[in-house]
Amino acid sequence: MSEPLLVLDNVTKNYGAIEALKGISFSIGKGEVVALLGDNGAGKSTLVKIISGGLEPTSGRMLFEGKEFLAKSPAEAKAAGIETVYQDLSLCTNVDVVANFFMGREITRKFLGIPVLDERAMEAVVGKALANAGTRIPSLRANVEHLSGGQRQAIELNRFVHWGGKLVLLDEPFAALGVEQTRRGLDMIRQVANQGIGVVIITHIMQQAFQVADRIVVIRQGVVAGDVARNKTSPDAVINMITGETLAGAGPTG
Amino acid sequence: MNPRTRKALEFVLDNLVWFMLLFVLVVFSIFVPNYFQLGIFANIIEASSVLGVMSIGLALVIIAGHMDLSVESVAALSAMAVGILFCSSGIGMGVQLHPEWLMVPVSLLLALAVGGLIGAFNGYLVVKVKMSAFIITLASYIWVRGLVLVVSGGRSAQDLAPAIRWFGIQRLVGLPLTAWIAVGCFVVFSLIMAKTPFGRHLVMIGGNETATFRAGIRVNRNLIIAFVLAGAIAGLAGWLLAIRTSGATANLGVGLLFNAFAAVVIGGVSLKGGVGTLPGVYAGVLLLSAINTAINLMGLPANFTQVIHGLLVLAAVLLDAFKQTIRQRLA
């Protein structure tokens, strides 16, 4: 494994008396793709929200690029270089594709000292990014509410590929995609990882995890139940870790 | 459908209120005697200046997905504050400043500050305490009007200082300066909403607050600014109102809130947030004013206006639903 990008050290999260995360420890290397698996309610989404600044952990610490890290808001996480694609899409359907692509980081030029949106520059960037990814959308100026579920998800995926950063978190990114688009999405993940960006992907589909991940981390009942290199395990072993039937072959990798 | 007709159709849909305004003006010009005069048209713009300014603030918070019911009372309080300080009879204290023109910026800043403070109070409670904007601003609507009654003792202030009144009397190209202020506000805030990141963010917050938060937009800060702006703009409306009536009464501006809502909805702003533009709102304001003027000219009892406004709001909402179905076909 290359040098660790993000290290989680005994991260816990309580909702009142309920312990959603009982102490999660694992790490993600630069350019590494980690698939995060686990049954419903295992705490995967909670973990993603903690890393991306949507939730604060109850205890434990995180190291990002070797430094103590805690994002109090998504803005802070983004500033540190962490991009997130959420399960429920984070698009504003009432504005167009370009506005969504640049949400929160619009290109502006100063006019009398006032920042003014540079629509033409933004449209050019979006057009190029979508064309590179082979995504076809009828009009970049169409409001997202008029686009299909697959097109919306494609916008989200292209957005993270474009902005990149240092670490990308994907929470079930392919839920609304067809076979061909999913394949392209997995390619995108590999591309991103090859640029040295760490990727955490949450998925329910074992096949996807084995297709794209370098390492598989299984969370069960708020703890890490398995942390194995992909080529040292099998789908059956992982399923056993998820359901908790056996912990054989689930030791941490070296 | 070829792209040309599609573009044309979208243009019409986007600017439907303006076409309605044009249609109404043409119909009135043909059928209402004496309607077709420059003076009448100037009067329509002039009569709509206070309502227009107030509608801008209301539209801002509604587009951002919230609500401000307090704008009417805030305008009244600002007008009363200006009235008490700078009126010379009634409860007016007749404060004089030298040079005289100094009273203009001072009274204006006072009105803006009163409005901005109440807006900040509303915004803080909505954003930080996470209470419904409807309830908070309803409370403000009531207590701010109460404050107007308390400070005025139910009496009125008359004879505003001439230096301030000058804005209501001095004309430029046929319109009093107060009307130009309203037009200027619409231009400035339309540009802010359409061309700046702040405006774009407000629209997106109104569309999907969670998504904007996740994208790193400072949602709370933007929302508080929107409420402060709505309050300050209402304060400006109050300042204009004081100039228009040359003073302030305890029940000044009662009923304006509902007209402002009507204008905003007719102008194509969705109460669900995220949809609508300020030029549309201005068309809505002018439409209401054009109809009022027609009713006056026809000599109908003024009570009819309310019936017509109500029906117009209903028509606007139905039209909005109709527009949605057409748009879905287009996409």
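Q: Let's say two residues are in contact if their C-beta atoms, placed from the backbone, lie within 7 Å. Counting chain B contacts between residues at least 6 apart in sequence, what share joins residues at least 24 apart?
A: That share is 80% in chain B.

Q: What kind of model is this, and how is it numbered?
A: It's a predicted model, where local features need pLDDT of at least 70 and side-chain atom pairs count only at pLDDT 80 or more, while totals for chains, interfaces and linings use all residues. Residues are numbered from 1 along each chain as its sequence is written, and chains are lettered from A and ligands numbered from 1 in the order in which they are written.

Q: OK, what's the secondary structure of chain B?
A: Chain B has 15 helices and 5 strands. Those are DSSP runs numbered from the N terminus: helices are H or I with at least four residues, strands are E with at least two.

Q: And how compact is chain B?
A: As compact as a globular protein of its length, because its radius of gyration is 20 Å, close to the 20 Å that the globule rule gives for 331 residues. The radius is taken over C-alpha atoms, and the rule is 2.2 Å times the number of residues to the power 0.38. Buried residues make up 48% of chain B (buried is 20 or more other C-beta atoms within 10 Å of a residue's own, exposed is 12 or fewer, partly exposed is in between, with C-beta atoms placed from the backbone).

Q: What about chain A, how many helices and strands?
A: Chain A has 8 helices and 12 strands, and 41% of its 254 residues are buried.

Q: How many residues of each chain are in contact across the interface?
A: 20 residues of chain B are in contact with 23 residues of chain A. On chain B's side, the elements giving two or more residues are helix H10 (197-207) and helix H11 (209-214). That side has 9 nonpolar, 7 polar and 4 charged residues; Ala, Val, Leu, Ile, Met, Phe, Trp, Tyr, Cys and Pro count as nonpolar, Asp, Glu, Lys and Arg as charged, and the others, Gly among them, as polar.

Q: Switching to packing: at what angle do H5(B) and H12(B) cross?
A: Roughly 50 degrees, and the axes of H5 (residues 71-86) and H12 (residues 219-245) of chain B come within 7 Å. Axes are lines fitted to C-alpha atoms, for helices over the stretch in contact, and angles run from 0 to 180 degrees between N-to-C directions. H5(B) and H12(B) are therefore oblique (under 35 degrees is roughly parallel, over 145 roughly antiparallel, 65 to 115 roughly perpendicular, the rest oblique).

Q: Who's touching whom there?
A: Among them are Val71(B), Ala75(B) and Gly83(B) from H5(B), with Ala230(B), Gly235(B) and Trp239(B) from H12(B). The residues divide into 13 nonpolar, 5 polar and no charged.

Q: How does H5(B) pack with H7(B)?
A: H5(B) and H7 (residues 133-152) of chain B pack at about 20 degrees, axes 8 Å apart, so they're roughly parallel. That contact has 10 nonpolar, 3 polar and 2 charged residues.
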